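Here's a friendly walk through one protein model. Take a look at it first, and then we'll go through it piece by piece.

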Amino acid sequence: MRKIKWGIIGLGNIANKFAHTAKAMDSVELKAVASRGKEKSEAFGKIYDVPSEKCYGSYEELVRDEDVDVVYIAVPHIFHKEISMLCLKNGKGVLCEKPVTINSNEIKEVIDAAKENKMFFMEAMKTRFLPINQKIKQIINEGKLGDVRLLQADFGFNAEFNPMGRLFNKDLGGGALLDVGIYTISYSSFIFGNHPKNIKSTLYIGKTGVDECVSINLEYENGKQSQLYGAINLDTVRDANIIGTKGRIRVPKFSNADNAYILINDKEEKIEMPFDINGFEYQIREVSRCINEGRLESEIMSWKDSIETMNIIDLVKSGQ
């Protein structure tokens with residue numbers, strides 16, 4: 001397969017993890033990085049051996065770089081739509097961090113741009129690509145748990161309160177739902193599909209006007225349901241429990257899991273599937289595979305998945 005050449009836009013903590021992974025992989029090459037300032041871009045690039053002339057002080061310069069095939073977007077999510085469109089319209093594929101946008105209308109616009117420009121686009125929901133979660137999906141599909149009827153999942157952390165920071169600032173797309181609730185909702189869609197027939201949610205709105213915690217119940221056909229919780233004001237266990245009529249699976253730290261406990265017929269087995277690097281590599285490989293095969297989207301994290309997951313988020317926001 002052809003080695004895929006990457007650029008990174010937005011050079012915060014998660015971009016460092018991505019760059020570290022890309023540098024450890026033989027199948028990809030980190031060619032360029034961009035920030036809103038040349039100095040920050042060069043400091044980042046120095047860590048990962050990106051030449052100074054490829055460390056750009058504007059996003060527009062990077063998307064004009066003919067050496068870049070695809071861009072990893074790691075800016076705050078209120079800018080995801082704008083930067084995704086910039087990349088797609090300039091002939092760059094996109095892997096965009098989650099949440100892919102802040103509402104369903106925005107992601108529809110982005111995907112229309114991907115179609116129009118015939119460019120690859122995918123939401124960076126790395127949880128779906130982790131080997132342990134792929135194995136869990138296989139176990140469910142094979143019927144080993146019987147009829148899966150319940151998912152319980154939580155993702156919460158106790159963030160330091162900063163009314164001007166990204167998490168607690170409404171103007172910056174703050175709140176638990178978009179920051180961590182996206183993990184639980186996308187995991188429910190991964191297990192049960194995208195179409196709950198009933199949605200009930202409770203959001204606690206803090207003094208800055210953002211939801212600091214959110215409780216969600218998604219009801220599917222035939223009594224299946226997901227009980228989900230997300231918070232930026234509370235440390236939670238961050239586990240997922242998948243329960244069927246013949247057994248159950250507990251997934252510790254499901255969003256970044258490398259092991260799971262499977263209980264069937266009163267016998268518990270621990271399955272371990274360690275990462276090759278740190279977990280980011282599996283979505284990067286998927287992007288490379290899709291681009292090399294001429295695909296515009298991944299069937300594991302499809303455009304439809306992103307749109308319909310964001311539809312659920314919109315309904316949760318409205319308190320339905």
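How far apart do the end C-alpha atoms of residues 134-250 lie, and how much of the span is helix and how much strand? Those end atoms lie 14 Å apart, and the span is 21% helix and 36% strand. Helices here are DSSP runs of H or I with at least four residues, strands are runs of E with at least two, and both are numbered from the N terminus.

Before going on, a word on what you're looking at: this is a predicted model, where local features need pLDDT of at least 70, side-chain atom pairs count only at pLDDT 80 or more, and totals for chains, interfaces and linings use all residues. Residues are numbered from 1 along each chain as its sequence is written, and side-chain values use heavy atoms, with hydrogens and water left out.

**The whole protein**

Overall, the protein has nine helices and 14 strands. Its radius of gyration is 20 Å, close to the 20 Å that the globule rule gives for 320 residues, so the protein is as compact as a globular protein of that length. (That radius is taken over C-alpha atoms, and the rule is 2.2 Å times the number of residues to the power 0.38.) Along the principal axes, the C-alpha trace spans about 60 × 50 × 35 Å.

Of the 320 residues, 55% count as buried. Buried means under 20% relative accessible area, exposed means over 50%, and partly exposed is in between, using a 1.4 Å probe and protein chains only. The protein exposes about 14100 Å², and carbon and sulfur atoms supply 46% of that; the areas come from the Shrake-Rupley method with a 1.4 Å probe.

As for contacts (heavy atoms within 4.5 Å), take those between residues at least 6 apart in sequence: 66% of them join residues at least 24 apart.

**Two annotated stretches**

The span from the opening question carries a label in UniProt, which lists residues 134-250 as "domain: GFO/IDH/MocA-like oxidoreductase" in an unreviewed entry. UniProt also places "domain: Gfo/Idh/MocA-like oxidoreductase N-terminal", again from an unreviewed entry, at residues 4-122. UniProt positions follow the numbering used here, feature names are shortened, and annotations may be inferred rather than shown by experiment. In residues 4-122 the end C-alpha atoms lie 15 Å apart, and that span is 42% helix and 22% strand.

**Some buried residues**

Ser84 sits in helix H4, which runs over residues 80-89. With 1% relative accessibility, Ser84 counts as buried. Leaving out neighbours within four places in sequence, Ser84 is in contact with Ile73, Val94, Cys96, Val110 and Phe121.

Another serine, Ser226, belongs to strand S10 (residues 225-231). Ser226 is buried, with a relative accessible area of 0%. Beyond residues up to four places away in sequence, Ser226 touches several residues, including Leu151, Ser188 and Phe192.

Then there's Gly175, in the loop between strand S7 (148-156) and helix H7 (176-192). Is Gly175 buried or exposed? At 0% relative accessibility, Gly175 counts as buried. Setting aside neighbours within four places in sequence, Gly175 is in contact with Leu167, Val210, Asp211 and Ile232.

| Pair | Apart in sequence | C-alpha to C-alpha |
|---|---|---|
| Gly175 and Val210 | 35 residues | 4.9 Å |
| Ala43 and Leu11 | 32 residues | 9.9 Å |
| Ser226 and Lys253 | 27 residues | 17 Å |

Ala43, from the table, is found in helix H2 and counts as partly exposed at 46% relative accessibility.

**Backbone details**

Which residues does a cis peptide bond join? It joins Lys98 and Pro99, with omega at about -10°. Pro99 is in the loop between strand S5 (93-97) and helix H5 (104-117).

Asp49 has a phi near 60°, a positive value in a residue other than glycine. You'll find Asp49 in the loop between helix H2 (38-47) and strand S3 (55-56), and at 60% relative accessibility Asp49 counts as exposed.

Asp266 has a positive phi of about 65° although it is not a glycine. Asp266 lies in the loop between strand S13 (259-264) and strand S14 (267-272), and Asp266 is exposed, with a relative accessible area of 76%.
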